[in-house]
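This report describes one β-sheet and the pairing of its strands. The sequence and model are shown below.

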Amino acid sequence: MASIRLENISKVYDDEVHAVTDFSLHISDREFVVIVGPSGCGKSTMLRIIAGLEEASKGDIFFSDKKMNSIPSRQRNVSMVFQSYALFPHLNVFENIAFGLRARKESKKTIQTKVKEVSSLLGIEHLLRRRPKQLSGGEKQRVAMARALVRDADVYLLDEPLSNLDSQLRASLRSEIAMLHHTAQKTFVYVTHDYTEAMTLADRIVVMKDGVINQVGTPQEIFDCPANTFVAKFFGSPQMNFYECRHNDADVWAGIRAEDILIEERSVDDAIESEVLMIERLGHESLVHVCTEKGQFIIREKGKVPYEVGDRVYIKPISQAIHYFDRESGIRIS
Ligand SMILES: Nc1ncnc2c1ncn2[C@@H]1O[C@H](COP(=O)(O)OP(=O)(O)OP(=O)(O)O)[C@@H](O)[C@H]1O
Ligand SMILES: [Mg+2]
């Protein structure tokens, strides 16, 4: 059982790299929190601070109200999947997975059973006798995950555990992780830069940029009410469309998702005249790219569309679905 409280955590490397700035977050016991953000925004640094592998330059960290700042990693009962796998090169896959169990003096029988269980879950039973250097990147990643999940820890920290897998395996392991969290009833902190992973796995998402939290919320809150243009662009595929407009007498950015724009063949009130530039036909849906005097837009239509490249059409953002952001700061205007 462990809740985690992070209070005003900052990390500066070598007196100059501000990796994390003033990060505060309360993670409930058994919560699944996903930290997302672009490369270099401080995600791994934050996980390593929670794990006790990195010391914060400022701030406090608590596990269930116990201050952990100076408690060494091995006494925190956390289990971590590293972005770089960090497998022991001289041990075979079985021994890599069993390592933490042996350290905890589990019986031979328990070790056999647990390693078998987790290897079958991750589809690596046929690799148990191999050394890490005889594995592909995706196989190493699965072994690293098995090694972390086999242990009975209070907190699981996963740093981009699916990044090296093909899309099918990624999708199936994503569901496995969700189910595992459901059955294990443990606290998970998961790092990714994949917004679909964040949306499907998280109880709550933390969006980071340049070491700073930009928004914390449930997947739905973040999708429905992005706090600024950065979050709005990060969550959604295709990216939200942006255009300049006037709203309540101010110059603002308007943002509209591809599915919240209607296409009309004839001019209607407030419709924007446009020309079809390209159509991505994906079977179940079509993404229509158009060019207007306000810039380019992508519109999502169900199924097939009757348009061709070069057609003149009229597009109309659904007014209730428009998000407005301050032109200078990019912050959402409520
Ligand atoms: N040991 C270190 N010494 C100096 N700078 C570091 C060190 N580790 C990380 N950094 C810097 O701190 C910042 C945050 O790094 P971090 O690894 O936390 O990013 P990340 O969000 O995990 O990125 P990625 O998605 O690429 O893994 C980066 O600018 C990085 O270059
Ligand atoms: Mg990282």
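## Basis of the description

Strands (E, at least two residues) and helices (H or I, at least four) are DSSP runs, numbered from the N terminus. Two strands pair if DSSP finds at least two bridges between them.

The model is predicted, and local features need pLDDT of at least 70, side-chain atom pairs count only at pLDDT 80 or more, and totals for chains, interfaces and linings use all residues. Residues are numbered from 1 along each chain as its sequence is written, chains are lettered from A and ligands numbered from 1 in the order in which they are written, and side-chain values use heavy atoms, with hydrogens and water left out.

## Sheet architecture

Three strands form an open sheet in the order E11-E12-E18, with antiparallel pairing. E11 (241-247) and E18 (323-326) are the edge strands; each has a single partner strand, so one side of each lacks a neighbour in the sheet. From one strand to the next, the twist averages 40°, where axes are lines fitted to C-alpha atoms (for helices, over the stretch in contact) and angles run from 0 to 180 degrees between N-to-C directions.

## Hairpin E11-E12

E11 and E12 form a hairpin with two residues between them, and asparagine 248 in the turn has a positive phi of about 45°. Seven bridges join E11 to E12 (residues 250-256) in antiparallel fashion. Phenylalanine 242 lies opposite glycine 255 of E12, while arginine 246 has aspartate 251 of E12 as its bridge partner.

## Pairing of E12 with E18

E12 and E18 run antiparallel and are joined by four bridges. Valine 252 has aspartate 326 in E18 as its bridge partner.
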